[in-house]
Amino acid sequence: MNAISLHRASSLQWWDNGSSVALVKRTYAKDCNNDEFNLFTMLCRELRLSPIRKQVYAFVFNKDNEATRQLTLVVGIDGARSIAARTGNYQPDEEPPQWEFSDEAKSPLTNPHGIVSCTVGVYHRPTPADPFRRIVGKVYWEEFAPIVTTGDAGAYEYVDTGDVWPDSGKPKMRRQLRQGAQETQRLDPKKAQWTKAGRNQIAKCAEMQALRKGWPEDLATVHEEAEVDRHASITDADYRELTPAELADQADANARLERIGGPALLATFDGAGTLERVPFGQFFDRVDAHTREMAPEAVARFSDQNRVAFQEYWAHSKNDALALKKTLEQRAQAVPA
């Protein structure tokens with residue numbers, strides 16, 4: 001057996017080597033408890049996948065909550081292809097993924113390309129004696145993209161839950177939206193590939209659907225990484241209690257924010273370009289009142305001077321920002337609002 005064969009054999013049988021098992025438990029499966037790690041190892045052995053080769057991952061959701069803690073076995077798309085290829089009944093599709101786009105679906109925050117759906121095919125045969133036939137997987141952006149609801153850093157406050165931490169006796173806190181503040185939807189910034197390479201991410205989800213149709217016995221219990229990004233984002237955004245250290249940091253941040261008047265936008269309302277802090281909840285009324293009696297050319301100039309503030313306002317409150325934009329465009333064209 002040559003050196004390459006030895007390397008392949010050792011990487012596919014990492015579970016038989018004590019040092020490799022310890023390494024995987026310490027690094028690739030560090031969030032797993034003993035039972036979860038044993039299950040992870042058993043599934044890797046059955047599917048002949050190696051976390052060292054980035055074929056498979058152990059994702060533990062809600063790891064700080066025993067009641068909702070969940071281990072999910074996640075494969076890379078190459079790992080799923082390897083499982084199918086080892087059966088001898090798989091061929092990749094020669095056609096590229098087929099994306100469906102729509103201008104109506106396009107949004108700079110939630111769907112930069114305006115992707116509606118993606119279809120990917122693979123070739124499968126039940127037995128080596130059968131001809132290959134094409135099977136497809138089709139998925140929709142709105143069902144897989146990891147879209148989260150967020151606000152600016154100052155949009156939230158932390159309130160007492162009525163419970164305390166048993167070790168310190170300090171109160172447990174939960175996050176809630178401040179009165180008057182608003183949230184907006186966007187792709188999860190922690191899942192940067194959905195913004196940078198959204199077409200590729202949704203294509204992996206579609207291909208995994210096709211592979212699962214052809215090889216359900218091997219792939220029914222596993223998910224491709226892009227498929228679980230949405231679940232991970234929703235889980236991260238759920239109710240979360242703060243530790244004492246986080247509570248102290250948040251209290252300091254809230255105090256600093258309150259000292260400068262709370263969450264606000266910087267805008268200029270004079271010809272000199274002087275910047276004023278306008279609270280989010282007052283921005284619409286302030287701009288509306290300021291531009292109501294302006295000449296059309298002055299409204300256009302005001303809008304251009306404050307374009308950054310309007311962009312931030314759009315990210316914070318899309319509907320209000322669009323209504324304000326329409327009003328200013330009408331006034332800039334001397335059309336009654």
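## Trp 141 and Trp 194

Trp 141 and Trp 194 are both buried (under 20% relative accessible area with a 1.4 Å probe, protein chains only; exposed is over 50%, partly exposed in between). This is a predicted model, in which local features need pLDDT of at least 70, side-chain atom pairs count only at pLDDT 80 or more, and totals for chains, interfaces and linings use all residues. Residues are numbered from 1 along each chain as its sequence is written, and side-chain values use heavy atoms, without hydrogens and water.

The ring centres of Trp 141 and Trp 194 lie 5.4 Å apart with planes at 70°, so the pair is edge-to-face. Rings of Phe, Tyr and Trp (its six-membered ring) pair if their centres lie within 6.5 Å; planes under 30 degrees apart are stacked, over 60 edge-to-face, the rest tilted. Trp 141 belongs to helix H5 (residues 141-144) and Trp 194 to helix H6 (residues 193-196), 53 residues apart. Helices are DSSP runs of H or I with at least four residues, numbered from the N terminus.

## Phenylalanine cluster

Phe 269, Phe 283, Phe 302 and Phe 310 form one aromatic cluster. Within this group, Phe 283 is buried at a relative accessible area of 0%, and Phe 310 counts as buried at 16%.

The charged end of Arg 286 sits over the ring of Phe 269, 4.0 Å from its centre. The criterion is NZ of Lys or CZ of Arg within 6 Å of the ring centre and within 35 degrees of the ring normal. Lys 25 is likewise placed over the ring of Phe 37, with its charged end 5.8 Å from the centre.

Note on methods. Helices (H or I, at least four residues) and strands (E, at least two) are DSSP runs, numbered from the N terminus.
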